[in-house]
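Subject: Structure handover

Hello,

I am passing this structure on to you. Please look through it alongside the notes below.

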Amino acid sequence: DMPVFVLDYADSSDKALLQRVYDRAWEFGFIPYVSNKMLDQVFVYDIRPQTERGAKIGKEMSAYGDKPDPSTDPNNLALASNGAVVEVDSTFPNYTKTPLNDGYRNEPTLTWDEIAWASGLIGDNHWAEIKLPKQANIGRVDIYWALDNGQYMTSQECEIQVKKNGEWVTVQKVAEPEGNKELSSIKLENPVQADDIRIWQNSGKGPLNYPNPNIIWIAEIEIYEAQ
């Protein structure tokens, strides 16, 4: 019987996100308000919840709603459920490497630390490595960039590297100068036999829409054999 007010944050220009924020709180029986990212101002929008109030009270949920089952695509060689192991050079506080190959892309019902990995800010270069359970003829690498405050944290440049004779070799470079792109799908010009692949980012080549472009911020890495 006690009213609960919730304060979320969202980009004021993203009306779809604002509606989702209102609808999500309403389903839990909460009274929604929206702030900026610093949570130091409260705004009132001409938005009304479109969901049933209290519909999810008492149900087991993730922080942001129903948590769907992860992808178990047998063709995605990078999935942890298919035997792949991920390693990273560093991790931003409160993040982990697990989301990189857990089968979730930018799933809106997951929290920021569940959906993506972010590197540390210090250091010359950053990387995320996927160790496959066996060699495969790699033909495509998909990188789903993390979503933060309504924008995708797309790196300006990165490299696809494979390990050959104990040394890392760049097989293709990726450039996304316009940024704010959810997916970089890289079809290798020359498919390569490998069981160890990594995404490499040189210093300062991270997202331009983040204050420190030394970061690399990825929601999911997927790897597929050449067709």
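This is a predicted model: local features need pLDDT of at least 70, side-chain atom pairs count only at pLDDT 80 or more; totals for chains, interfaces and linings use all residues.

Residues are numbered from 1 along each chain as its sequence is written, and side-chain values use heavy atoms, with hydrogens and water left out.

Pocket

The largest pocket has a volume of about 880 Å³. A pocket here is an open set of points on a 1 Å grid over the protein atoms alone, where a 1.4 Å probe fits, with protein on both sides within 12 Å along at least five of seven lines; lining residues have an atom within 4 Å of a point. Grid points are joined across faces, edges and corners, and the volume is the space filled by probe spheres set on the points.

The lining of this pocket has 32 residues, and Y9, W112, L147, D148 and N149 lie nearest the centre. Two or more lining residues come from each of β1 (5-9), α1 (15-27), α2 (112-115) and β7 (147-148). Helices (H or I, at least four residues) and strands (E, at least two) are DSSP runs, numbered from the N terminus. Helix α1 gives the largest share, 5 residues. By type, the lining divides into 20 nonpolar, 5 polar and 7 charged residues. In that count Ala, Val, Leu, Ile, Met, Phe, Trp, Tyr, Cys and Pro are nonpolar, Asp, Glu, Lys and Arg are charged, and the others, Gly among them, are polar.

Backbone and surface

L39 is not a glycine, yet its phi is positive, near 60 degrees. L39 sits in the loop between β2 (31-35) and β3 (42-43) and is partly exposed, at 44% relative accessibility. The classes are buried (under 20% relative accessible area), exposed (over 50%) and partly exposed (in between), with a 1.4 Å probe and protein chains only.

N94 also has a positive phi, about 75 degrees, without being a glycine. N94 is in the loop between β4 (85-88) and α2 and is exposed, at 63%.

L39 belongs as well to a nonpolar surface patch of about 610 Å², together with F5, L7, Y33, V42 and V44. Patches are made of residues with over 30% relative accessible area and no salt bridge; like charges are joined within 9 Å and nonpolar side chains (Val, Leu, Ile, Met, Phe, Trp, Tyr) within 5 Å. Accessible areas come from the Shrake-Rupley method with a 1.4 Å probe.

Salt bridges

How many salt bridges does a search of the whole structure find? There are 8, a salt bridge being a side-chain nitrogen of Lys or Arg within 4 Å of a carboxyl oxygen of Asp or Glu.

One of them joins E222 and R105, with the closest N and O atoms 2.8 Å apart. E222 is in strand β12 (residues 217-225) and R105 in the loop between β4 and α2, so this pair ties together parts 117 residues apart in sequence. E222 is buried at 4%, whereas R105 is partly exposed at 38%.

Another links D196 and K163 at 3.9 Å, N to O. D196 lies in strand β11 (residues 183-201) and K163 in strand β9 (residues 157-164), so the parts tied together are 33 residues apart in sequence. D196 is buried at 8% and K163 partly exposed at 33%.

Regards
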